[in-house]
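Me: I am new to this structure and would like to learn how to read its features one at a time. Could you take me through them, giving the general idea before each case?

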Amino acid sequence: MGGFIFRWRRPIIILLVVAVVSVSLSVTSRLHGKVESMSNAIGSLVSPASSTLAYLGNKVGVGVGTIGELFTLQRENQQLKQQLLLYNSMKLELSELAEENSQLRGLLQLKGAASHWKLVTATVISRNPDTWFQTVVINRGSDSGIHAGMAVIEPQGVVGRVISTSPVSATVMLLLDPDSGVGAEDVRSQAAGVVSGRAAISDELTFQLFAHHPNIQPGDAVVTSSYNQYYPAGLLIGEVAKVSKTAYGLTETAVVVPSVNFNQIDNVMVVLSHPNGTSLPPIFGGGSR
Amino acid sequence: MWQFRVVTWVVLYLLGLLVQTALLPQIFPIGYVPDLVLPLTVIIALYETPRRGLLAGLIGGLMQDVWAGRLWGLNALTFALLGFAIAHLESRIVRDNVFVPGLLAGLAQLLVLPFQWVILRMVGLALPWSQFMKPLPVWLLFTMLVTPAIGGILGFRPRHEVDRPYSRYVR
């Protein structure tokens, strides 16, 4: 027996490793919370090094980008001169619109609503080492009052939600993640559905609509709906790019281009609390409902 | 010799993952950030026995899985098998410091991606094949260039040369 095991030790070891890892895969695909908290603990340990590297990388990226921009500056200069003519003609029209806008703002009392939103600013210090899942680590954690389930936003729109925290860092699942499910609605037609990450590599979102024939069109703005566990209603998600039928034609799905540029998220805001019933903080450019 | 110690591998993988999560996302767009565990596993396994190659890949993959915090075993399984295969091949091929590591890493990258696609489908994450394979050219180029570079920086040598420093001059 001993001789048999010794003779076949390599295949046996490999089979054992494969079996153990397969069981681990199967179990962790069902358990999410505990696995993520372990990852977050590691994130906290390495957060000083991550912050330093991210800072250095950012500075180097800016330097390289500036050199690259020199080649396009001349072409842009010509285009800008042409645009200047156009903008001058639009100036009069804009001044009228600005007046009307200020009146509407007053009516909506968005300024008043803003004071009730409690936000914490945080910096993205690292991303997930797995390309297939879209999470980032921010430099604020439970010490700053952040806990799992809180919405994370940017002035341009929704970024994602906190899925786990440590005292000094938190892991945020981006809207691009295949597991992110956000209750959403089309602003124009009020058609409701769920927005989630389309594919790991894609920077677009899928809007799965509930209705059989929703009146949804490319160019429509999509915001978070009130049927939402984590996100306040009315936060801008993105714009509809394409509408198509599902495989059997029962429902429709739309491709949504997120309003946030996920390649350039450096600073984000975590929504610690917001007043019930209000929808849109004034930092958002999205339309009111 | 430090290159054969497990602690060295852990430190290398830790540094690799730090660069991969904090520095590379500043250069590569989202979804295209390349993997540094793969080149490290190839370099380590090239100078190891199959069993230790498997162990190195298992350690690197597991560290990546724990760091990612989603599916424990996806990368551990992938890189353990990769480490074993590379170390197994090592005794059968002519080894140099540039072309062989680069070609092996490129080949590994070609195989790892479809393998992970299958595993993810098995655990219920069905990602479209075309989207999944989209970053392959970028990763292939990166891996084939970075692997020899890492090998050159680390200066790993075969065990017999380390044990007998002048063996390369003996005929």
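**Reading the contacts**

Reply: A salt bridge is a side-chain nitrogen of Lys or Arg within 4 Å of a carboxyl oxygen of Asp or Glu; here A:Arg188 forms one with A:Asp220, their closest N and O atoms being 2.9 Å apart. This is a predicted model, in which local features need pLDDT of at least 70 and side-chain atom pairs count only at pLDDT 80 or more, while totals for chains, interfaces and linings use all residues. Residues are numbered from 1 along each chain as its sequence is written, chains are lettered from A and ligands numbered from 1 in the order in which they are written, and side-chain values use heavy atoms, with hydrogens and water left out.

Me: Which parts of chain A does the pair A:Arg188 and A:Asp220 tie together?

Reply: Helices (H or I, at least four residues) and strands (E, at least two) are DSSP runs, numbered from the N terminus. A:Arg188 lies in the loop between β6 (182–186) and β7 (192–197) of chain A, and A:Asp220 in the loop between β8 (205–209) and β9 (221–224), so the pair joins parts that are 32 residues apart in sequence.

Me: What area is buried between chain B and chain A?

Reply: The size of an interface is often given as the accessible area lost when the parts come together. Buried area (accessible area, 1.4 Å probe, that two parts lose on being put together, summed over both) is about 4,200 Å² between chain B and chain A, with carbon and sulfur atoms giving 71% of that. B:Ile30, B:Arg70 and B:Trp72 supply 22% of the area that chain B buries against chain A, more than any other three residues.

Me: How many residues does the contact take from each of chain B and chain A?

Reply: With contact meaning heavy atoms within 4.5 Å, 47 residues come from chain B and 45 residues from chain A.
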